[in-house]
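This report covers strand pairing, the pocket and cavity, and salt bridges. The sequence and model come first.

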Amino acid sequence: MTRWPYPRLFAHRGGGTLAPENTMAGMQEAQARGYQAVEFDVKLSRDNVPMLMHDDTLERTTSGSGLFKHLSSAELKQLDAGSWKGPMWAGERIPALDAVMAFLCGQHMTANIEVKPCVGRDEETGRIVAQAAAKLGSTWPPPLLSSFSVVALRAAAHAAPTLPRALLVEQCSTEQLALAVELGCVSLHCAWHDVTPEIVHAAHSCGLRLMAYTVNDADVACRLFRLGLDGIFTDALDRMRDAPT
């Protein structure tokens with residue numbers, strides 16, 4: 001197998017549990033704690049601007065309400081995306097992908113960009129996010145595009161064939177490994193409790209790397225790395241930074 005250029009630890013949704021998810025404050029928290037890579041979710045606004053958000057709806061993490069896809073980028077940027085986490089983050093905004101990538105490039109960090117389409121927008125989200133990442137992503141290693149959506153991954157492959165991609169799955173199996181290979185992915189990302197010596201061996205045997213979400217216990221991380229796991233996503237930035245890798 002070719003050398004895997006990515007660090008073993010990715011800060012989940014930017015700052016994990018230590019900052020509002022999918023915000024610049026989260027990216028800054030990861031950088032301040034010495035992380036070299038972050039993971040975050042990207043959707044399209046109504047006017048097709050790639051912006052960071054996990055949920056299809058706005059209520060959980062912003063001052064807005066309703067569906068994310070119904071608002072323009074200008075409207076989304078007016079929402080408070082920090083107060084839900086605590087008063088110290090009041091006024092934190094939903095960032096656009098270009099702003100986050102500019103920050104990461106300046107800090108010599110890289111990203112796992114999860115393509116997270118709103119309902120019914122899989123193809124266009126995969127295509128537009130991949131095009132934007134290819135244009136903006138002058139990081140090394142290059143940004144890794146991942147998604148649960150096969151349609152989005154196929155669109156991303158067509159739009160930016162040189163960017164590496166990963167298939168996200170809810171349950172890991174040999175069938176999912178075969179699908180990742182068929183999609184031209186470089187890795188498969190699964191829940192940590194699905195990681196076994198057999199699945200690690202199977203992934204590596206077909207030329208794939210294996211990463212796991214969401215690992216918040218250093219002992220669990222050490223055990224998984226001993227099995228040959230290639231990387232983890234963590235919310236526990238404070239506890240996991242010094243876990244043996």
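## Strand pairing around β4

In this predicted model, Asn112 stands opposite Leu144 in β5. Strand β4 and strand β5 (residues 144-147) are paired in the parallel sense, with 3 bridges between them. Together with helix α4 (residues 122-136), β4 and β5 make up a β-α-β unit that is right-handed.

Strand β4 also runs parallel to β2, and 6 bridges join the two. Within this pairing, Thr110 of β4 is the bridge partner of Ala37. Burial in β4 extends to 6 of its 6 residues. Thr110, Asn112 and Glu114 lie on one side of the strand, Ala111, Ile113 and Val115 on the other, and both faces are covered.

## The largest pocket

The largest pocket has a volume of about 160 Å³. It is lined by 15 residues, of which His12, Glu39, Glu114, Leu168 and Tyr213 are the closest to its centre. Two strands, β2 (37-44) and β4 (110-115), each supply at least two residues of the lining.

By class, the pocket lining comprises 4 nonpolar, 6 polar and 5 charged residues.

## The cavity

Searching the whole structure gives 1 cavity of 30 Å³ or more. The volume of the largest cavity is about 60 Å³. Its lining includes Glu21, Asn22, Thr23, Leu52 and Met53, as well as Arg93, Ile94 and Pro95. The class counts for this lining are 5 nonpolar, 4 polar and 2 charged residues.

## Salt bridges

The model has 12 salt bridges. One of them is formed by the side chains of Glu21 and Arg13, at 3.2 Å from N to O. Both of these residues are buried. Glu21 is also among the residues that line the largest cavity.

Arg60 and Asp55 form another salt bridge, with the closest N and O atoms 2.7 Å apart. Asp55 counts as buried because its relative accessibility is 15%, under the 20% cut-off. Arg60, at 39% relative accessibility, counts as partly exposed. A network of salt bridges links Arg13, Glu21, Asp41, Asp55 and Arg60.

Arg46 and Glu75 also meet in a salt bridge, at 3.6 Å from N to O. This pair links distant parts of the chain, 29 residues apart: Arg46 is in the loop between β2 and β3 (50-52), and Glu75 is in helix α2 (residues 73-76). Arg46 is partly exposed, with a relative accessible area of 47%, and Glu75 is partly exposed at 37%.

Conventions: Residues numbered from 1 in each chain as written. Predicted model: local features only at pLDDT ≥ 70, side-chain atom pairs only at ≥ 80, totals over all residues. Heavy atoms only, no water. 1 Å grid on protein atoms, 1.4 Å probe; cavity = no way out; pocket = protein on both sides within 12 Å on 5 of 7 lines; lining within 4 Å. Points joined across faces, edges and corners; volume = space filled by probe spheres on them. Helix = DSSP H or I, 4+ residues; strand = E, 2+ residues; numbered from the N terminus. Nonpolar A, V, L, I, M, F, W, Y, C, P; charged D, E, K, R; others polar. Buried < 20%, exposed > 50% of the residue type's maximum accessible area, 1.4 Å probe, protein only. Pairing = 2+ DSSP bridges. Right-handed = clockwise from strand over helix to strand, strands pointing away. Salt bridge = Lys/Arg side-chain N within 4 Å of Asp/Glu carboxyl O.
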